[in-house]
Amino acid sequence: MRLEQTLNMGHKARMAKSKTFSCSACNASFSKWAGRCEGCGEWNSLSQTAALSAGPGKKSLGNSRGSTIVLSDLATNETPPPRTLCGVAELDRVLGGGLVSGSAILVGGDPGIGKSTLLLQAAAQFARTGVKTIYISGEESTAQIRMRARRLDLSQAPVQLAAETNLRDILTTLEAEKPQLVIIDSIQTMWVDNIDSAPGSVSQVRAAAHELTNFAKRNNISIIMVGHVTKDGQIAGPRIIEHMVDTVLYFEGERGHHFRILRAVKNRFGPADEIGVFEMTGRGLAEVTNPSALFLSERGEASPGSVVFAGIEGSRPVLVEMQALVAPSPHSQARRTVVGWDGGRLAMILAVLESRCGIPFAGLDVYLNVAGGMKISEPAADLAVAAALLSAREDTALPADTVIFGEISLSGALRPAPQTENRLKEAQKLGFTAAIAPSGGKSVSIKGIGLRRVTDLTGFVGDFFGAG
Ligand code: TYD
Ligand code: MG
């Protein structure tokens, strides 16, 4: 059989399967419905999408020729794109050193976390530095936004406002006004009139983001789009447009905690993983220039289960408290509950403690919490977590003036963490006098910090908790 025929048959087979389901959070598609998306783990987010069209996929490009495209080499003399600083250092850093003109930026986050507040403040700051700024809200009336501006003491900032959802009208207006920065709050309320489905649906959100991104490139203006993280499948989540934009920032925080973290998860113009820390106050978001001090502010005396982890977030060190609680379980299956860290990673640490150090956690409920609502993803937190677990299990407090970091491998060996020196400097700055870290790597010494190097987990257990 010729290849062409085989391909055609494959296509027919696909055509016959007319139903497809796509996830509104990550846009993965499936032939069968399921309660949970296999792609991103979101519940109840699959909905049926239009059948695969027989349209463009059916024909090959055929024999007609296009024009040739110009190829160039890597060594061009192009100057880096111009950047504008808004003066809010936490925001400028997360953007990779200021706002790049002509870039499309997505700011995602849970509803109510403070995205509109952040962006109104950013808009005002940029406008005050002379950037022509337009803020378009599809969620709130201009009166509501003005009220917020008054509360934030920004009424005098030269930002132009509109409450609108029709994207065609918005783009026409932007073409006439020629702003340098546009805020779209939120992409899920935008409505593209040549698509039938409701605002917030996957196809609407995707089309609106596509139009806006193209508009930004064509006219060399920066567009910041807000995207609500959605828990149910009714409206599409921000993840379906992550690939279109240049920069993806997530605004995180726990309800009930007043600080918020703006995290770059993708940035074509700067490092990803950079964070900016803010505090939600009665008058808007305030910058937190020393996050370690904030995260440790509620920490009391040395107590069992509490350990300070010297971490690195993006380009800077951040100290956070890891809290563990270990208690006999009344259940047949012991609980493992984690807040702010990866549950799979906790299971791994427990397994290593059990099989390499002979310390069982069977029959014990284990709770792990990163204090203050911070989320940690660095592997270097392993040793701090292990220390917190052991300290809780043995009911022995580690010295309060000590920070811990290091990655644990499945063999129980400890791997040195990057940027040891920065971690130690931060610890020293916050008044710590000792650190426990894996041996190996560069030798570092920081005045005022007694550094204990350990090679493996068994050695660590022996040193700090008696026999392993
Ligand atoms: P908002 O920016 O509307 O959130 P989002 O756009 O992400 O949905 O902020 C919502 C919360 O922030 C709201 O519960 C009130 C609180 N808030 C303050 O605490 N202080 C303030 O100055 C402002 C404007 C809001
Ligand atoms: Mg909002």
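Student: Helices are DSSP runs of H or I, at least four residues, and strands are runs of E, at least two, numbered from the N terminus. Going by that, where does Ser186 sit?

Tutor: Ser186 is in the loop between β9 (181-185) and α7 (202-219). This is a predicted model, in which local features need pLDDT of at least 70, side-chain atom pairs need 80 or more, and totals for chains, interfaces and linings use all residues. Residues count from 1 along each chain as written, chains are lettered from A and ligands numbered from 1 in written order, and side-chain values use heavy atoms without hydrogens or water.

Student: Which peptide bond at Ser186 is cis or trans?

Tutor: The bond joining Asp185 and Ser186 is cis, with omega about 5 degrees. Most peptide bonds are trans.

Student: And what about phi at Asp395, positive or negative?

Tutor: Positive, about 55 degrees, and Asp395 is not a glycine. Asp395 lies in the loop between α10 (382-394) and β19 (402-404).

Student: Switching to the ligand. How many residues surround ligand 1?

Tutor: There are 16 around ligand 1, the closest being Gly112, Lys115, Ser116, Thr117 and Gly284. The cut-off is a heavy atom within 4 Å.

Student: Which elements supply at least two residues of that shell?

Tutor: α4 (115-128), α5 (142-151) and β13 (275-281) each do. The largest share, three residues, comes from α4.

Student: New topic. What domains does the chain have?

Tutor: The assignment gives domain 1 (13-59), domain 2 (83-289) and domain 3 (300-465). The bounds come from an automatic or database assignment. The C-alpha centres of domain 1 and domain 2 are 29 Å apart.

Student: How much area do domain 1 and domain 2 bury between them?

Tutor: About 730 Å², with 44% of it on carbon and sulfur atoms. Buried area is the accessible area (1.4 Å probe) lost when two parts are put together, summed over both.

Student: Which three residues of domain 1 supply more of its buried area there than any other three?

Tutor: Ser24, Ala25 and Asn27, which supply 56% of what domain 1 buries against domain 2.
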